[in-house]
Amino acid sequence: MSQSRLKSCIPLPIDHKMLVSVIEKAKDWALMHGVGMRDKKHFNKDVIQIAPFVLLPSPFPRTEFNRAVELQPILNELMHKVAHDDEFLEKTLQNALQVDEFTANLFDIWVKVREEGITQPISLGMLRSDIMLESRCPHTENQCAKHTPYCSWKQVEINSIASGFGHLGPVSKDIQSYILRQLGHGDLIKNMPENRALSGLCTGITDAYDLFGVPSAVVLFVVEEVSYNICDQRFHEFEISEKRPDIMIYRKTLNEIYEETRLNEKKQLILEDRPVAVVYYRSGYEPAQYPTTKEWDARLRVEKSSAIKCPSIHYQLAGTKKVQQALAAPGVLEKFMGAGATTGRVRDIFAGLYSLDFDENGERAVDMALADAERFVLKPQREGGGNNVYGADIRDALLRMRHSRERAAYILMERILPPLVAGYVVRPGAAVPPPITDLVSELGIFGVIIGTKDKIYCNKQVGHMLRTKLADANEGGVAAGLGALDSPYLLDM
């Protein structure tokens with residue numbers, strides 16, 4: 001079926017003269033309030049440009065937004081339990097470990113740490129559950145009680161490392177609120193939900209710091225060699241520095257951690273003669289970020305230490321696509337959550353997820369994808385965007401891998417077709433005004449959980465972000481230049 005459509009929050013098109021004027025104002029507002037990124041093509045540390053943003057907030061059903069917010073603490077606890085179930089992780093990942101070197105290296109660190117003895121049992125999870133509305137409904141129009149342009153939302157993935165846009169999510173609401181006021185529609189701002197993602201995520205870091213309990217300790221952000229998404233990262237530091245000036249924050253690459261840190265006799269990670277209380281990863285989620293053995297050695301050193309990690313290595317393993325697929329299998333959620341209505345609510349959010357292992361189910365999944373590749377997305381065990389396979393490329397990939405163990409490193413997911421909405425996307429260097437285009441959105445709900453295997457100290461939902469892309473684009477990463485910042489405009493439907 002074709003995708004359904006939601007209406008823009010104000011009538012389109014906007015008058016040409018007004019549109020040009022408001023875009024110029026909004027671009028200046030963006031640069032002056034941290035809605036920015038560094039230019040990948042012409043990198044200069046002293047220069048930022050606007051991040052792509054959608055001019056108007058995108059419609060999202062209020063009931064579905066509230067359902068996502070309510071479910072996030074439940075998903076936090078589920079991920080926490082999965083991360084602490086060694087047997088489940090090993091069984092789930094065993095086939096992928098044989099063919100995916102990156103995941104195998106992460107797992108090897110986890111095995112070494114367990115064998116040596118876990119120094120720090122407390123983990124900090126700063127998670128983001130990414131969801132999309134599904135416009136395909138299994139009912140006919142006469143059967144469907146909703147009569148709405150969507151059926152419900154489905155989970156795309158849950159991110160357990162470098163879950164970004166804690167700053168860019170809230171500031172997207174701010175810039176679109178400014179735009180609505182400039183267009184004479186300030187009365188609509190009340191339909192944009194409050195978003196305290198930045199303060200919520202930073203409180204997770206400071207709460208973990210306080211649990212560490214050493215006043216002289218520091219916080220360490222693990223960053224890329226070159227940081228393009230600098231505003232999002234730095235505003236976390238600025239927020240912590242303002243609210244907790246007693247906490248010193250360092251930014252280091254994995255290579256710098258290898259060269260500049262050590263473990264003392266207490267297994268404290270020592271940086272510039274001070275113990276590290278919390279290690280927050282904004283890098284370390286893809287193979288290119290480990291170009292040599294030094295980076296892997298640094299990751300192992302951090303994992304052996306008493307620092308509270310965000311994420312600990314087992315949290316990162318719990319965020320792999322293979323685990324996501326395994327949780328959707330019959331009876332698995334019940335293992336972690338028991339039988340009941342809550343388990344059913346979580347199961348309802350899963351899109352169709354299929355293993356590609358060399359067994360009867362894997363062969364059936366391959367046959368399904370070869371017969372109708374457009375229905376699916378082929379996903380490797382990666383976070384960070386830009387790794388998935390779509391459309392005809394799925395058929396080519398599966399034909400190439402069909403008799404190779406490589407295919408066990410992937411899962412197959414049914415493709416979600418969200419409703420379309422018309423809108424304007426403002427990009428750096430692009431013509432003004434931009435054309436009206438059809439867009440689709442992906443909502444991310446942030447959660448924070450702190451705890452050990454047996455005790456949870458904190459578990460909450462803390463905010464959201466919305467990424468929007470052209471309807472005919474496969475990937476939607478803003479940092480990769482494919483998506484745009486946005487925020488939800490809640491509809492009562």
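A: Strand pairing is read through bridges between strands. In this predicted model, strand β5 (residues 123-134) and β19 run antiparallel and are joined by nine bridges.

Q: Which other strands does β19 pair with, and over how many bridges?

A: Strand β17 (residues 421-423) is joined to β19 by three bridges, and the two run antiparallel; here Val-421 has Leu-439 as its bridge partner in β19. With strand β20 (residues 456-470), β19 pairs in the antiparallel sense over 13 bridges. Leu-439 is found again in this pairing, standing opposite Leu-470 in β20. Four residues lie between β19 and β20, and the two strands form a hairpin.

Q: Is strand β19 mostly covered or mostly exposed?

A: Burial is judged by relative accessible area, with under 20% taken as buried. By that criterion, 13 of the 15 residues of β19 (residues 437-451) are buried, and the strand is mostly covered.

Q: Which residues of the largest nonpolar core touch the most other members?

A: A core is read as a set of buried nonpolar residues joined through their side chains. The largest has 63 residues, and those touching the most other members are Leu-78, Val-82, Phe-88, Leu-220, Val-276, Val-279 and Leu-327. Helix α2 (residues 62-83) gives the most to this core, contributing eight residues. Apart from this core lies another, of 60 residues, including Leu-55, Phe-165, Ile-189 and Phe-221.

Q: What is Val-276 in contact with, beyond its neighbours within four places in sequence?

A: Val-276 is in contact with Phe-212, Val-218, Leu-220, Leu-269, Leu-271 and Ala-307, once those neighbours are left aside.

Definitions and conventions
Residues numbered from 1 in each chain as written. Predicted model: local features only at pLDDT ≥ 70, side-chain atom pairs only at ≥ 80, totals over all residues. Heavy atoms only, no water. Core = buried A, V, L, I, M, F, W, Y, C linked by side-chain atoms within 4.5 Å. Buried < 20%, exposed > 50% of the residue type's maximum accessible area, 1.4 Å probe, protein only. Contact = heavy atoms within 4.5 Å.
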